[in-house]
Structures are given as C-alpha cells and as structure tokens.
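Reader: I've got a model open and I'd like to learn how to read its features one at a time. Could you walk me through it?

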Amino acid sequence: MAAWSSSPSLRHLLLLRPRLPLSPTCLAGSFSRRHVHSHSHSRRRLFSSASSSTLTHGDAASAHGDGDGVVDVNPPRGTRDFPPEEMRLRTWLFDQFREVSRLMAFEEVDFPVLESEALFIRKAGEEITQQLYNFEDKGGRRVVLRPEITPSLARLVIKQGKSVSLPLKWFTIGQCWRYERMTRGRRREHYQWNMDIFGVPKVRAEAELLQAIVLLFQRLGITSSDVGIRVSSRKVLQAVLNVYSIPEHLFTEVCVIVDKLGKLTREEIEKELMSTGLSSEAVQGIIEVLSLKSLSKLEEVLGSGVEAVADLKKLFSFAEQYGYADWICFDASVVRGLAYYTGIVFEAFDIEGKLRAICGGGRYDRLLSTFGSKDIPACGFGFGDAVIVELLKEKGLLPDMSRQIDDIVFPLDEELEGPASSIASSLRKKGRAVDLVEDKRLKWVFKHAERINASRLILVGNSEWERGMVRVKILSTREEFEIKAGELE
C-alpha cells in the first residue's frame, strides 16, 4: 500500500471525498431461510471429493448428490440457518423474552434438547406423540428431540426435590422439534419461550403469566386491537361430563378431540366423540357448552357454585386490577391439545385470524405424578419465535436490525499496522465496537463504513503518528479533526 507522507494531502483527500449516504439499511428479514440465487446449478452446491470420504452413512443419505461429493447446502426441510441479519433479529427477540422475565422476577433455567422418549410418550391420543423426532441411540436407549419444554421442566423440578423452596418461578428459551406439516409460522424446529410457576395453587399464578404475555406484546408495539387472549378452563368440560355421568377415564380423550374445534367440522367432531362411546345427548351438550363466548352465560348453564366458574371470575377480576382486561376474552372452546392441563387454559391469537396461535398455556397440577413423583400445583405457557415474527412483519413492527459498529480503525501504511492494533485494542477495552481494517483502499473503507453503519473512521497516517496523533472523521456530520491517540474515547 502506498504511504501517505504528509497530513495536508490526507486532509485534502478526506475533505474532497464525497460523503457516502449512511442511512440505516434494515437487514431484518423473517426467520425463514433465504434461498441462494445463482446462474448455475453447480454454484449452489459444495464440491469436495476429500470431504465426501468422511461422510457417515447417515450423512451420505441426507446429501442429495450423485456419489461424487456433491452436497446440498440447504438445511434439512423445516429447519433454518441464521445468517447475521437473521441472528440479530433472533437475539433482539430473545432479549425481549428475557427482559419481561426479569421484570416478572423469574429465573432462567435450561435443559438438554435430547431427552428420554418416555418423558413425552403419553397414552392420550395427543397429536404431539405422532410428531416426535425419536430414535435409539448407540447405547440402545430410546431418546427424542424434545417437542415441547414443560416435561423437561417437570423432570428438573423432581430432580431438585427439596433443595429448592416453593414457589418456583422459572423461564427458559429453548429449541423444540416436531415432525409436522409446515404452515406459515410453523416449522419442524422452533425456539420457544416458556414461563412456569410451581407451588401456587391459586389463580394468581395464571394472572401473573397473562401479564407477562401482555407486557411482551406491549414492548413489541402490539396492541389489544392486534391480539387477543382466549381464556377458559378444563374444569368447564369436566363439569359438563359430570352432568352426563361420563366416566373419568374418557376426560383426556374428549379434551384431545374437542381441541380440534375450528380445525374440523362440527360433524367430524361429533363423529369422533361418538366413537368414544358418548351418547348423542352428551355430545350435543358438550358442543353447546363449548360454543359459549360469555362467562355470564356459562354461569347460567353450570351455576355459580361450579369451581370452573369461580376460577374464571377471579381471573377476570385480576385482569381488571392488572389493567389488561381488554386483552382477554372468555371462550369455552379453548381446551388446549396437551393431556396434562387440569384447570385454566389460554391462548393468544391475532385478531385478523391470519395466523395460528401465537402462544398458549394453562394449569397442570397433576403432571409430576405421571412421572412417579408427588404433585405440585403448577402452570405455565409456551411462546414460539416464528408466529410472533410473522405478526410483527404483518404489522410493520420489525425493528431496524442494521449492523452497528462504533469505529473503523484503518492504518494507511503497512508499518502502521502495529499502532492501529494498539488503538483498536484500547477502544475495545473501553467498550466500543471496533473493526480493524487493513490492506484496503480508502474508497473501499468508506463503502465498508456505510455497510456496517460505523460512527467514526480513525485513520492512522505517518505524519500524524510521528506526533502521536490520529485523524478522526465523524461519518454522520463529516466533521474531522486530529486527536492524541491516547485521548481517544
């Protein structure tokens, strides 16, 4: 690289250099995979005969090639890569999850993605049991990529035992896997924010969880005109079954069937219910109650002394006190598809009805006993990353995810690379994000500054450095000045 021998020439160049527009460029796409465009089929693939010899049998089966080392560079169907711009958006969203959890005084926990298959196999006819990524490991153990997080949480609670004091308020952000048909906002892997409370039997726990969900929506710029939260209770359905003297062992199976309301026609739901042995009168009674959208109507049908009605009235009273009553509504058809729910259940939905459920949860007081432990009152929710991003795109609420760098340090001569390294190191220790650039033309450096939204350009030139100085250009205002290297902040 040619040396710049005098500061007047450098200064002259900087003053004449037209300011490149540094307007923020929104790099925040959706979480969906971006396709690589190319003029040639071969350029979309990696060619390496050396690497092909190291492929395992499983790898070879998944490499859609012709045996000569051609590897498909796309991730497996239903999964995602996270290039920098996508990763910035994911990190931002997860930061929102963590901040709401902090505000609600929850502690973060985590679990392995790989779990024992027995943790997720339940005799309930749940759809989730048909969607497992499950296999036998090399030790002959049946394992699964977790499809949801609550059973892992329950396992940890049991493991911790009496070493922790109740109530527990824990949250996690983890990856889940389900082999299912993909739709908008649903892939075969996704990340999920879970918040759970153990040891609080009263409706106050559900009220706290609902506030956390509303707080997140508000932080993201979403309003109650964009999103609503449907609330009901599994005890509603239980009360109806009691009216018709339906055996207790059919409760879970009925829940799984009626959770399909809205996905199947009424006739199909009735047919499935009849197949369990329910009478026609009981089937009609169940569907009529589950069509109710008014808590007062429910009270008329079941009576005020029913536990489900009392719980729901208490929850709606809390909603008024918390200030989120306009976000929630009663909908008796909400039962949730997982078998372990026992009380209040809820799910958030977009008002326009374009997307699937944004999040959902409820009370599960009897989950631990299914794993052979003593039950503890518990409730929680799962909130996926994919649907909320779709909603933010729909509402024009995605944040600007442009890359932001504080400083670019650029030595104008090879012999100044040492001083430039020292300056970059000093600034990084002071908390500034610094990109150290070498072996480039000054024109390229200015274009690079635009790409990464740099705030300052710090040039290390010969004549300036002989005096212990560097030249600084403020890229937003074009202001430039000399300053002692040791005084850079």
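Predicted model: local features only at pLDDT ≥ 70, side-chain atom pairs only at ≥ 80, totals over all residues.

Reader: Okay, which side chain does Arg432 meet in a salt bridge?

Author: The general idea is that side chains of opposite charge can pair when their charged atoms come close. Here the side chain of Arg432 meets that of Asp407 in a salt bridge, at 2.7 Å from N to O. This pair links distant parts of the chain: Arg432 sits in the loop between α14 (417-429) and β15 (434-436), Asp407 sits in strand β14 (residues 405-411), and they are 25 residues apart.

Reader: Is Asp407 buried or exposed?

Author: Asp407 counts as buried because its relative accessibility is 0%, and the cut-off for buried is under 20%. Asp407 also forms a salt bridge with Arg456, with the closest N and O atoms 2.7 Å apart. That pair again links distant parts of the chain, strand β14 for Asp407 and strand β16 (residues 454-460) for Arg456, 49 residues apart. Asp407 and Arg456 are both buried.

Reader: How many salt bridges does the structure hold?

Author: The structure holds 30 salt bridges. One of them is between the side chains of Glu299 and Lys313, at 3.3 Å from N to O. Glu299 lies in helix α11 (residues 295-302) and Lys313 in helix α12 (residues 307-322), so this pair ties together parts that are 14 residues apart in sequence. Glu299 counts as partly exposed at 23% relative accessibility, and Lys313 is partly exposed too, with a relative accessible area of 42%.

Reader: Got it. Now helices: which residues of helix α15 are buried?

Author: General idea to begin with: an α-helix has 3.6 residues a turn, so residues three or four places apart point the same way. In helix α15 (residues 442-452), the buried ones are Leu442, Val445, Phe446, His448, Ala449 and Ile452. Seen down the axis of α15, these buried residues fall within an arc of 160 degrees, so they line one face of the helix.

Reader: And what follows α15?

Author: Asn453 does, and its phi is positive, near 55 degrees.

Reader: Where does Tyr340 lie?

Author: Tyr340 lies in the loop between β10 (328-330) and β11 (344-350). Tyr340 is buried, with a relative accessible area of 7%. The Tyr340 side chain makes a polar contact with the side chain of Glu148, at 2.6 Å.

Reader: Last one: how many disulfides does the count come to?

Author: For cysteines, the test is whether two sulfur atoms lie within 2.5 Å. By this rule the count comes to zero disulfides. As for individual cysteines, Cys176 counts as buried at 0% relative accessibility, and Cys379 counts as buried at 0% as well.

Conventions:
Residues numbered from 1 in each chain as written. Heavy atoms only, no water. Helix = DSSP H or I, 4+ residues; strand = E, 2+ residues; numbered from the N terminus. Buried < 20%, exposed > 50% of the residue type's maximum accessible area, 1.4 Å probe, protein only. Polar contact = N/O pair within 3.5 Å; in protein donor to acceptor, adjacent residues only side chain to side chain. Arc of directions from axis to C-beta. Salt bridge = Lys/Arg side-chain N within 4 Å of Asp/Glu carboxyl O.
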